[in-house]
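Me: I would like to learn how to read a model like this one, feature by feature. Could you take me through it?

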Amino acid sequence: MNKSRLYFSAMILSSLLSACAVGPDYQPPQQVLNVDMKESYQPVFSLSAWWDQFNDDQLSALIAQALAKNRSIVEAAANVDRAYAVFSGAQADHYPDGTLSAEYQASRNASILSQDDGITMRGFTQGLSLSWDTDLFGKLQRATEAANARAEQAKLLWQDARLQIVSQVARSYGQYRGAQLRLIYAEINLQFLLQSKEIIEAQMNAGSATRLEMAQIDTQIYRVKTDIPAIRIASETAKGTLAALLATPVQALQINSSASLPRLNQPIVIASNSNYLNFRPDIASAERNLAASTAQIGINKADLYPSLSVSGFLGFISSPGLALNSASESWNITPTIQWSGLNLGAVKARIKMAEADADIAMAQYEQTVINAVNQMQLSLNHYQLSREQLANAERQFASSQQAVSISRSQYKAGTIDFLLLLDSERELLTSRDQLAQIELAHYLRMVDVYREFSGALTI
């Protein structure tokens with residue numbers, strides 16, 4: 001079938017015309033204000049298990065469950081699959097679209113002409129139909145670039161969703177443990193105060209204590225009783241949040257009874273020779289959005305120029321006797337040129353819209369970088385300050401323990417009255433609860449540092 005060679009030759013020739021892509025060629029930004037971004041786009045597709053550095057098996061188990069079951073992560077993963085399917089479709093548009101078909105047709109009295117009366121016509125068509133957009137000015141190429149950038153962005157958004165969910169689980173777990181710890185301290189404090197009240201009541205009966213002392217101890221008791229419901233609310237809220245993050249009913253969530261906050265054996269270390277912006281999926285996502293928006297300009301600019309498409313058929317159109325042979329061979333080729341020359345105003349408007357979208361994407365990218373730099377620095381500053389605060393709180397608690405020990409010895413020796421002992425005991429109770437709150441705040445700031453640095457840290 002020599003004529004078929006002509007058909008395929010025409011298709012190959014048209015592909016050689018697809019050599020020019022209009023619109024700007026994308027280059028990643030090199031600088032954002034005073035931030036060097038030459039190596040900014042290195043997407044991180046694996047999530048470092050930074051939470052294992054806390055050596056808390058319960059925390060690791062909860063995070064593993066959240067990564068497997070959280071609905072936001074499932075949604076983000078589905079978006080990745082969808083985006084790559086769109087990308088595959090854009091790639092496929094570069095190749096001919098063909099269909100194989102076989103058609104039988106029978107008709108009687110096919111026209112109103114008298115000579116067709118009583119005539120039955122039969123025919124059979126079999127062959128390959130092809131159509132091809134030759135992409136003279138790179139519209140399909142730019143569309144592929146945009147789809148690829150969107151697919152990579154979706155994967156980065158999935159990565160960011162995982163990072164945020166892990167951080168939320170770690171924070172809620174810490175809040176639950178912190179509430180547990182505070183509740184234990186509150187119960188201990190309450191029991192001690194009730195014991196002290198019994199002593200004061202005995203002294204009042206003996207005439208050695210006054211109503212003032214009783215009123216003071218009652219004030220402290222009711223202060224602790226007032227705090228306990230708020231602590232229980234914080235505990236239930238944290239557990240409810242954890243259950244939601246793990247996509248499980250709160251009554252089905254099992255957490256062991258260990259009331260201790262995760263801690264690191266050593267301080268967090270920031271490597272001076274590492275550009276941690278490279279590990280931020282939100283920055284890489286914003287950069288991919290910018291790349292896709294830039295490619296859209298080329299897609300719209302291609303409409304300023306003519307487009308060439310080729311369609312055709314290669315096969316058999318049978319004779320009335322339904323014979324398939326050399327006499328029934330058939331082919332056709334139809335090049336088509338289209339141009340939006342009469343609607344250039346609308347085309348130029350779409351180009352301006354695409355350019356504005358690219359400007360928006362650039363501004364969003366720059367703001368993302370600026371926010372990231374500030375958030376990373378703030379998280380480090382807060383972490384360092386919380387280390388100092390925690391160290392001082394621990395010293396304060398140790399001092400209050402020592403003061404209580406001395407006061408008790410002096411009270412037994414009769415050198416001080418009960419009110420002085422009670423005052424030192426009150427300071428101990430306050431410092432114990434304060435230490436628990438500061439331990440929780442310090443833990444949360446550690447989680448913030450890991451989140452802002454995308455877990456790319458060591459100890």
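Predicted model: local features only at pLDDT ≥ 70, side-chain atom pairs only at ≥ 80, totals over all residues.

Me: How many bridges join S3 to S4?

Reply: S3 and strand S4 (residues 120-133) run antiparallel and are joined by 12 bridges; Ala 102 stands opposite Gln 126 in S4. Next, S4 and S5 run antiparallel with 9 bridges, and Leu 128 stands opposite Leu 314 in S5. Finally, strand S5 (residues 307-317) pairs with S6 in the antiparallel sense over 10 bridges, with Gln 338 in S6 as the bridge partner of Ser 307.

Me: Now the helices. At roughly what angle do the axes of H2 and H4 cross?

Reply: Two packed helices are described by the angle between their axes and the distance between the axes. Axes are lines fitted to C-alpha atoms, for helices over the stretch in contact, and angles run from 0 to 180 degrees between N-to-C directions. The axes of H2 and H4 come within 10 Å and cross at roughly 140°. That makes H2 oblique to H4; angles under 35 degrees count as roughly parallel, over 145 as roughly antiparallel, 65 to 115 as roughly perpendicular and the rest as oblique.

Me: Which residues make the contact between H2 and H4?

Reply: Contact means heavy atoms within 4.5 Å. H2 contributes Gln 58, Leu 59, Leu 62, Ile 63, Ala 66 and Leu 67, while H4 contributes Arg 162, Ile 165, Val 166, Val 169, Ala 170, Tyr 173 and Arg 177.

Me: And how do H4 and H6 run relative to each other?

Reply: Their axes come within 8 Å and cross at roughly 165°. H4 and H6 are therefore roughly antiparallel to each other.

Me: What does the largest nonpolar core contain?

Reply: A nonpolar core is a set of buried Ala, Val, Leu, Ile, Met, Phe, Trp, Tyr and Cys residues joined through side-chain atoms within 4.5 Å. Buried means under 20% relative accessible area, exposed over 50%, and partly exposed in between (1.4 Å probe, protein chains only). The largest core here has 60 residues, and those with the most contacts inside it are Met 37, Trp 50, Phe 54, Leu 59, Val 169, Ile 268 and Tyr 443. H4 gives the largest share of this core, 14 residues. Apart from it lies another core, of 18 residues, among them Ala 186, Met 214, Ile 217 and Ile 221.

Me: What does Phe 54 touch beyond its neighbours within four places in sequence?

Reply: Phe 54 is in contact with Leu 59, Pro 262, Arg 263, Leu 264, Tyr 443, Met 446 and Tyr 450, once those neighbours are left aside.

Me: Last, the backbone angles. Where is Asn 55 found, and is Asn 55 buried or exposed?

Reply: Most residues other than glycine have a negative phi, and most peptide bonds are trans. Asn 55 has a positive phi of about 55° although it is not a glycine. Asn 55 is found in the loop between strand S2 (35-36) and H2, and is exposed, with a relative accessible area of 57%. Ser 454 also has a positive phi, near 55°. Ser 454 is found in the segment after H8 and counts as buried at 10% relative accessibility.

Technical notes. Residues numbered from 1 in each chain as written. Heavy atoms only, no water. Helix = DSSP H or I, 4+ residues; strand = E, 2+ residues; numbered from the N terminus. Pairing = 2+ DSSP bridges.
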